[in-house]
Amino acid sequence: MLSLKRISKSYKVGTFGGKDFLAVRDVSFDINEGEVVSLIGESGSGKTTVGKMVLKLIEITHGAIVLDGVDVASVKGADLKQYYRSVQGVFQDPFSSYNPIFKADRVFGMLQSEYFPDMARSEWNDKIEAALRAVTLEPDQVLGKYPHQLSGGQLQRLLVARALLLDLKILVADEIISMLDASTRIDVLNLLAELKARGMGILFITHDLSLGNYISEKTVILRRGVIVEMGATQKVFGNPTHPYTRMLISSVPQLHKKWAQIEAELAAPIAGRGGCLFHEAYPLAGRTHDGASDDPTMAKIEDDHFVGCFELESEKISRVA
Amino acid sequence: MSLQVTDLKVYYRTLAGDVRALDGATFSIGDGEIMGLAGESGCGKSTLGNSLIRLDGRMKYVGGNVNLDGADVPIWDKQAMIPFRFREVSVVPQYAMSAMNPTRKIGLMVRELIESRGMAFRDINVELERRIDVVGLDQSVLKRYPIELSGGMKQRMVMVISTLLNPSLLIADEITSALDVSTQRAVAETLVSFRDHGFVKSMMVITHDVSILYQIADSILIMYAGKLAEKASTTTIIQRALHPYTQMLVASLPEVGVRYADKKLTGIPGSPPSLLTPPTGCRFRARCPLAFAKCAEEPPFVEVEPDHSVACWKVAGPNA
């Protein structure tokens, strides 16, 4: 449904913007109907940049994002409004997503005046009520309240409800649960799973591997703007192959295994494999991705499981930041 | 027994009345023990941590006792606390990025800090350099400004500074929350190594992330709405907790390996009560699936087996 084709983003950096910084390069993956794709990366990996490009909040430097056959970059003017009918985002901090001096349900009112100006008030109210119930909120508990009167989880669910009012195909969820408490976190996560059952495609951006593992069908691991490993979630987590993925998984605090134990399990070398699996498959693939080359970026190691180059720009992976 | 806290009460003064953020806490931390303190936001865990070192202007000491290594800690008296802070009780704050003076090179800042306590920097210098090695930083950090360090490096530098005088108790408040997973692990393991090296005698690690505590803590104290809910060894809390709140909190954590399709986790319905007018009886009653008539009375925090205390009528039995 939504497909990212070798997208790259470079930012101008330096005092006079004289240098280019490639925040994202050659990122390709698809999001299908009813699928949650988790985009996992540490800070500075470019995961939010990818989300922003999908939402058309920033321009794409190279490559294309295609939604149902239409190149998203070409969508302009009145069509853009139609685009946002099907693609919406929810962000990390629910408290700064609302204007504190207005009531929280103002976000619904703005949506009506923009997208449904002709809808009768009663019909609109029914629609809101249905959307609120879909995100397990009681309408009379949240309508007419100010943001500070609601909890973070409630505000976050209100934003998801707002997205539901549109005929949404893709939801970009950028770290939407990292600000929430452990006890409410899982409710918002389960809500995403229900949306997925309605056929929505969700790009779930997170730094928390256990959350990504819980919810998603497909996992994309991003490091410094480059995909290092991707594929079906069970394969990526069950058989982590890239050294960076293995390091990440061994660092996640787990509830029933101590770190030393996980590390010992992952330290065992993969049988019969040494060196970079990507360059074993494509020995000639260019080592300098400038965003314009046609070299492959990922090598297939099993069905629905791909890895990128193991070389990590001559710096060794260490847990010491 | 390193730290003994008895019936400590600290309220926040607001125009609407007192917010009972910490309403009677009794527990102890042994020598060499790393105690984790966990709970939802607004349950009073940071209030407990902060009250042991510094009561800020909004906080009001209401009652209770704090005893550290046999000496009473006068937490209600700002002046009398000065000899305790940094020397006996020290804190690693959550935001290491703003914990250091941005206008000073780190070495100079540490020197000024030590000298402000009436000590000679010369006496500390060797130890400072040794500890920088222990946490895996380069000696050159002392010649750099805080802005030149990454988040994890800053966090570890702040940990070195906080523990320079070998405090008896170290309070680490959400120190891993703002960090990436790999850095998080390095910082958490550094905490353990500080205890193993004897830089600090005992530690209180405050976090909302129970899985971090499972990795590093010896015991875990769970708080709910200003009250203690359960305290036991780490394995007991994770594997056979008795308080329904602890059970629900642990069960709501997604783990690597647990997937929605296989096992749907559930959160805890409802939200914590307002501490301005806390409900009478058990404060978890409204959200508790096991609540019964007896819960209208406040459950005592009692030891149900050695080193395992719970505040719940269902566990302690109606005759407790």
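Biologist: Before we start, what is a cavity here?
Modeller: In this predicted model, a cavity is a set of grid points where a 1.4 Å probe fits but cannot get out, and a residue counts as lining if it has an atom within 4 Å of a point.

Biologist: Which residues line the largest cavity?
Modeller: The lining includes the cysteines B:Cys282, B:Cys288, B:Cys295 and B:Cys312, together with B:His243, B:Pro244, B:Phe284, B:Leu290, B:Ala291 and B:Lys314; by class, eight of the lining residues are nonpolar, one is polar and one is charged.

Biologist: And the second largest pocket, what's its volume?
Modeller: That pocket has about 600 Å³ of space, and among the 21 residues lining it, B:Ile53, B:Ser90, B:Val91, B:Pro93 and B:Ser162 are the closest to its centre.

Biologist: Which elements give two or more residues to that lining?
Modeller: Those are β6 (89-92), α3 (106-116) and α5 (151-162) of chain B, and the lining as a whole has 13 nonpolar, three polar and five charged residues.

Biologist: Switching to the sheet, in what order do the four strands run?
Modeller: In chain B the order is β2-β1-β4-β5, with antiparallel pairing in an open sheet, and the edge strands, β2 (17-29) and β5 (71-72), each pair on one side only.

Biologist: How many bridges join β4 and β5?
Modeller: Strand β4 (residues 59-68) of chain B pairs with β5(B) over two bridges in the antiparallel sense, and B:Asn67 has B:Asp72 in β5(B) as its bridge partner.

Technical notes. Residues are numbered from 1 along each chain as its sequence is written. Chains are lettered from A and ligands numbered from 1 in the order in which they are written. This is a predicted model: local features need pLDDT of at least 70, side-chain atom pairs count only at pLDDT 80 or more; totals for chains, interfaces and linings use all residues. Side-chain values use heavy atoms; hydrogens and water are left out. Two strands pair if DSSP finds at least two bridges between them. On a 1 Å grid over the protein atoms alone, a cavity is a set of points where a 1.4 Å probe fits but cannot get out, and a pocket is an open set with protein on both sides within 12 Å along at least five of seven lines; lining residues have an atom within 4 Å of a point. Ala, Val, Leu, Ile, Met, Phe, Trp, Tyr, Cys and Pro count as nonpolar, Asp, Glu, Lys and Arg as charged, and the others, Gly among them, as polar. Grid points are joined across faces, edges and corners, and a volume is the space filled by probe spheres set on the points.
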